[in-house]
Amino acid sequence: MPPPSCTPSSTTAPSPLRRRLTFAALLLPTALLGDLASASTAQSKRVQLTIASDGDLLAFKPDHLTCVTKALVHLTFYHTGKYISQQHNWVLTMPGAADAVAQAAMTADEKNGWRPQSDRRVLAATPPCDKGQHVSVDFIAPAPGDYPFICTTPGHGAVMRGILHVTP
Amino acid sequence: MSATVNRSLALIAGATAGLFLAAAGHAAELKSPEMVKTGLRILASVYADMDRKLAADQFDRLPHENQEFQEGSGALRDAIANEPAGFKAQVQSSLASTLTAANQVAEVSKSHDKAKVQSALSALAVSMRSLNALFPESVRVEPGSVEAPHHPPGAGGPPKTS
């Protein structure tokens with residue numbers, strides 16, 4: 001007389017349903033660990049970048065930034081000007097396209113933030129920022145390379161620029 | 001007669017030297033030299049922007065640059081706020097002339113006459129040099145002296161292949 005707990009079904013080969021449940025139970029920790037691992041990877045690729053205007057001068061400070069390729073970048077731009085009411089923005093362009101984008105921005109409407117619309121040379125851009133304020137933008141870091149960033153307020157792009165170094 | 005002339009010349013030379021030394025002494029004792037330099041730099045920076053706009057025939061943007069010039073002058077006013085009254089009055093008078101010259105650039109820009117605007121811009125540069133001359137050389141930022149862009153035009157180059 002088998003013990004009550006040992007039912008025939010428990011001693012015989014498991015049913016397909018039970019086999020699937022067992023398999024799933026075995027896989028669950030692995031899957032969770034996998035999720036944690038990938039979450040950790042994603043976490044390590046999140047990058048916070050901070051940049052500012054050089055007070056009331058037409059310059060970014062710093063004018064060089066670095067991040068790793070494919071990182072989810074959260075960039076915050078601070079307009080540290082105190083006297084001049086001009087707006088600034090931060091626009092990341094394709095390599096070699098800074099001048100063309102700055103030129104295109106001249107004809108862009110002010111209500112569009114002096115940003116060329118639907119321009120594939122623009123990789124990321126903040127909205128315009130008033131003095132004493134800050135704005136942000138999220139973007140995925142492009143392929144490794146050196147990418148210029150500029151302020152597209154008319155006339156600023158000629159001098160207010162820098163480089164984002166994207167590393168492998 | 002000759003002795004009188006010589007004495008007068010000596011007095012003038014002495015007074016000039018005294019004024020020069022006093023100015024130099026005061027200049028060396030600016031309360032906020034870095035703020036003064038920043039104030040002059042802001043004006044030179046906007047001047048450079050005006051120059052670029054004129055070179056690109058963007059006459060319509062010049063009134064806006066003038067507005068920035070007027071606003072930016074606040075930095076220099078704040079920088080000299082704690083200076084002796086006499087020196088402050090001297091700077092404020094010179095700054096007022098400079099701001100008038102900047103207004104003139106904006107006014108003339110409405111004509112879209114490049115030669116006239118260039119002339120007004122040159123007059124502004126002269127006025128800015130007079131303003132700079134009130135300060136020691138170490139803090140002066142003359143019009144046209146603001147350095148070129150940090151990076152070559154369209155900087156960036158092709159993406160690296162790795």
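A residue counts as buried when its relative accessible area is under 20%, as exposed when it is over 50%, and as partly exposed in between, with a 1.4 Å probe and protein chains only. By that rule A:Phe77 is buried, because its relative accessible area is 0%.

Good morning. The structure above is a predicted model, in which local features need a pLDDT of at least 70 and side-chain atom pairs count only at pLDDT 80 or more, while totals for chains, interfaces and linings use all residues. Residues are numbered from 1 along each chain as its sequence is written, chains are lettered from A and ligands numbered from 1 in the order in which they are written, and side-chain values use heavy atoms, with hydrogens and water left out.

Let me stay with A:Phe77. Over all chains, a search of the whole structure finds 5 aromatic pairs. Rings of Phe, Tyr and Trp (its six-membered ring) pair if their centres lie within 6.5 Å; planes under 30 degrees apart are stacked, over 60 edge-to-face, and the rest tilted. The rings of A:Phe60 and A:Phe77 have centres 5.9 Å apart and planes at 75 degrees, so this pair is edge-to-face. A:Phe60 belongs to strand E2 of chain A and A:Phe77 to strand E4 of chain A, so the pair ties together parts 17 residues apart in sequence. Helices (H or I, at least four residues) and strands (E, at least two) are DSSP runs, numbered from the N terminus. A:Phe60 is also buried, at a relative accessible area of 4%.

I turn now to the backbone. Most residues other than glycine have a negative phi, and most peptide bonds are trans. Which bond is cis? The peptide bond from A:Lys61 to A:Pro62 is cis, with omega near 0 degrees. A:Pro62 sits in the loop between strand E2 (57-61) and strand E3 (64-68) of chain A. In the loop between E3 and strand E4 (72-78) of chain A we find A:Lys70, whose phi is positive, near 70 degrees. A:Lys70 counts as exposed because its relative accessibility is 60%.

B:Asp57 has a positive phi, near 55 degrees, and lies in the loop between helix H2 (33-55) and helix H3 (62-79) of chain B. With 43% relative accessibility, B:Asp57 counts as partly exposed.

What is the secondary structure of chain B? Chain B comes to 5 helices and 0 strands. Helix H3(B) has 18 residues and reaches 26 Å from its first C-alpha to its last, close to the 26 Å expected at 1.5 Å a residue; the expected span is 1.5 Å times one less than the number of residues. Among its buried residues are B:Leu62, B:Phe69 and B:Leu76. Their cover includes H2, helix H4 (85-109) and helix H5 (114-133) of chain B. Of the 162 residues in chain B, 39% are buried.

Finally, confidence. pLDDT is the predictor's confidence in each residue, from 0 to 100. Chain B averages 83, and 73% of the residues score at least 70. Over residues 18-22 of chain B, pLDDT is below 50, and this stretch has 0 contacts (heavy atoms within 4.5 Å) beyond near neighbours in sequence. Where pLDDT is low, the predicted coordinates should not be read in detail. For the complex, the predictor gives an ipTM of 0.73 and a pTM of 0.72.
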